[in-house]
Amino acid sequence: MKNKKWLIGSIVVTLLLVSFGMAQTVPAGGDSDPLVTLSFVEKRMTELLASVEQIYAKKGESSGTVATPQYEVVTVKAGQSLILSSSVEIILRSGDATAIASFNGGLSDLTGGVDLDQGTKIIKNHLLLIPRDDGRGLKAITDLYVMVRGKYTIIP
């Protein structure tokens, strides 16, 4: 009997504490949780963009958007080699190709999480990264379409 009273008392106290805790939450729109209008957000975004433009102007760059290199679709004929500079990203879209490695290593297959050694078949639609400017690239077995972001050279 004592255990039942103690259990019921504990439940009542717990419910009271929970209810009291809920009553203490701040309603939306209060000082500690204000509502935000679209005009406020637009004003803050304009201020932020102006700050970014000032930072780039101080570095000698033009204000406005910073150009990011885009992927270029490159056609490589069978038998040709695509030699890539450092930090170039490539994606083989069609055709068959093998990796051209260097004495420093191969191509970084970021999708597969592996290093592609000399002569390894390139898997289509995998993102590859060229870590150094040391002659790495692709050898086209068939005609290729490759998406390239960065500097490259096609060698016959």
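Which residue is the bridge partner of Ile90 in β7? The legends below take up this pairing first and then turn to other close-up views.

The model is predicted, so that local features need pLDDT of at least 70 and side-chain atom pairs count only at pLDDT 80 or more, whereas totals for chains, interfaces and linings use all residues. Residues are numbered from 1 along each chain as its sequence is written, and side-chain values use heavy atoms, with hydrogens and water left out.

View 1. The bridge partner of Ile90 in β7 is Leu128. Strand β3 (residues 88-94) pairs with strand β7 (residues 127-130) in the antiparallel sense over four bridges, where strands are DSSP runs of E with at least two residues, numbered from the N terminus, and two strands pair if DSSP finds at least two bridges between them. Five bridges join β3 to strand β9 (residues 144-149), again in an antiparallel arrangement, and Leu92 has Val146 as its bridge partner in β9.

**View 2. The open four-stranded sheet.** The strand order is β4-β8-β2-β10, with antiparallel pairing. Because β4 (97-100) and β10 (152-155) stand at the edges with a single partner strand each, one side of each is left without a neighbour in the sheet. The twist averages 20° from one strand to the next, with axes taken as lines fitted to C-alpha atoms and angles running from 0 to 180 degrees between N-to-C directions. Strand β2 (residues 81-84) is joined to β10 by four bridges, and Tyr152 in β10 is the bridge partner of Leu84.

**View 3. The salt bridge between Arg149 and Glu89.** These two side chains meet at 3.2 Å, N to O, a salt bridge being a side-chain nitrogen of Lys or Arg within 4 Å of a carboxyl oxygen of Asp or Glu. The pair links distant parts of the chain, with Arg149 in strand β9 and Glu89 in strand β3, 60 residues apart. Arg149 is partly exposed at a relative accessible area of 25%, and Glu89 is partly exposed at 22%; buried means under 20%, exposed over 50%, and partly exposed in between (1.4 Å probe, protein chains only).

**View 4. The salt bridge between Asp96 and Lys124.** The two side chains meet at 3.5 Å, N to O. Asp96 lies in the loop between β3 and β4 and Lys124 in the loop between β6 (114-116) and β7, so the pair ties together parts that are 28 residues apart in sequence.
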